[in-house]
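Hi! Keep the structure open beside you while you read.

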Amino acid sequence: MVAPLIAGMAVAAAAYAGKYGIRAWQAFKARPPTARMRKFYEGGFQPVMTRREAALILGVRESTPTEKVKEAHRRVMVANHPDAGGSHYLASKINEAKDTMLRRTKGSNSAF
C-alpha cells in the first residue's frame with residue numbers, strides 16, 4: 001500500500017522538476033543575445049595610425065582619460081610583450097597606439 005504512494009509522489013516530483021526545467025530553458029533561450037567573446041577588429045593596420053585605430057588596438061574609446069589609456073596599454077602590452085613570446089611588430093603598434101591616444105608624435109619633444 002505504501003509502494004504505490006511513494007511511486008506516485010516520485011512521478012509528481014519528476015513532473016514538477018520537468019516543468020521547472022522546461023520553463024528555465026525557455027527563459028534562457030528568450031533572453032537577449034550577449035557577446036560571448038569580444039569581437040576584434042578585422043583588418044590590417046593603416047599606414048598612418050588614427051585615434052580610432054589606436055582606440056581599437058587598446059580596447060578603449062577615443063575619449064578615454066589618460067589614466068585609462070595607460071592601464072589599457074599596460075594590459076595589452078603584458079599579453080603581447082616580446083620578452084613573453086609576443087611580436088616586436090605588435091608591441092611597436094601597441095606603443096604607437098598609446099602615443100597616438102596620448103597625443104604624442106615623433107615630432108614633439110621626443111628623443112627618437
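1. Let's begin with a pair of helices: α3 and α4 are roughly antiparallel to each other. Bear in mind that this is a predicted model. The angle behind that label is about 180 degrees, and the two axes lie 10 Å apart.

2. Who does the touching here? On the α3 side you'll find V69, H73, V76, M77 and N80, while α4 brings L90, A91, I94, N95, K98 and M101. Sorted by class, the α3 and α4 contact has seven nonpolar, three polar and one charged residues.

3. Now zoom in on N80, which sits in helix α3. Is N80 buried or partly exposed? Its relative accessibility is 24%, so it counts as partly exposed; buried would need a value under 20%. Skipping neighbours within four places in sequence, N80 is in contact with G86, S87, L90, A91 and I94. Take A91 from that list: N80 and A91 are eleven residues apart in sequence, with their C-alpha atoms 6.4 Å apart in space.

4. Next pair: helix α2 (residues 51-58) and helix α4 (residues 88-101). Their axes come within 9 Å and cross at roughly 125 degrees. The two helices are therefore oblique to each other, and α2 passes α4 in a left-handed crossing.

5. Which residues make that meeting? From α2 there are R51, A54, A55, I57 and L58, and they meet K93, I94, A97, K98, T100 and M101 in α4. The contact of α2 with α4 has seven nonpolar, one polar and three charged residues.

6. Don't skip K93 in helix α4. Leaving out residues up to four places away in sequence, K93 touches F45, Q46, M49 and I57.

7. T100 is also placed in helix α4. At 17% relative accessibility, T100 counts as buried. Beyond its neighbours within four places in sequence, T100 is in contact with M49, T50, R51 and A54.

8. What about the largest nonpolar core? It has 14 residues, and A54, L58, V60, V69, I94, A97 and M101 touch the most other members. Helices α2, α3 (66-80) and α4 each supply at least two residues of this core.

9. Setting aside neighbours within four places in sequence, L58 is in contact with V69, A72, H73, R75, V76, I94, A97, K98 and M101. V69, I94, A97 and M101 from that list turn up again among the core residues that touch the most other members.

10. Finally, step back to the whole chain. How many helices and strands does it have? There are four helices and zero strands, and along the sequence the pattern reads α-α-α-α. Of the 112 residues, 19% count as buried. Looking at contacts between residues at least 6 apart in sequence, 47% join residues at least 24 apart.

Key:
Residues numbered from 1 in each chain as written. Predicted model: local features only at pLDDT ≥ 70, side-chain atom pairs only at ≥ 80, totals over all residues. Heavy atoms only, no water. Axes fitted to C-alpha atoms, helices over the stretch in contact; angles between N-to-C directions. Parallel < 35°, antiparallel > 145°, perpendicular 65-115°, else oblique. Left-handed = near helix turned anticlockwise from the far one by under 90°. Contact = heavy atoms within 4.5 Å. Nonpolar A, V, L, I, M, F, W, Y, C, P; charged D, E, K, R; others polar. Core = buried A, V, L, I, M, F, W, Y, C linked by side-chain atoms within 4.5 Å. Buried < 20%, exposed > 50% of the residue type's maximum accessible area, 1.4 Å probe, protein only.
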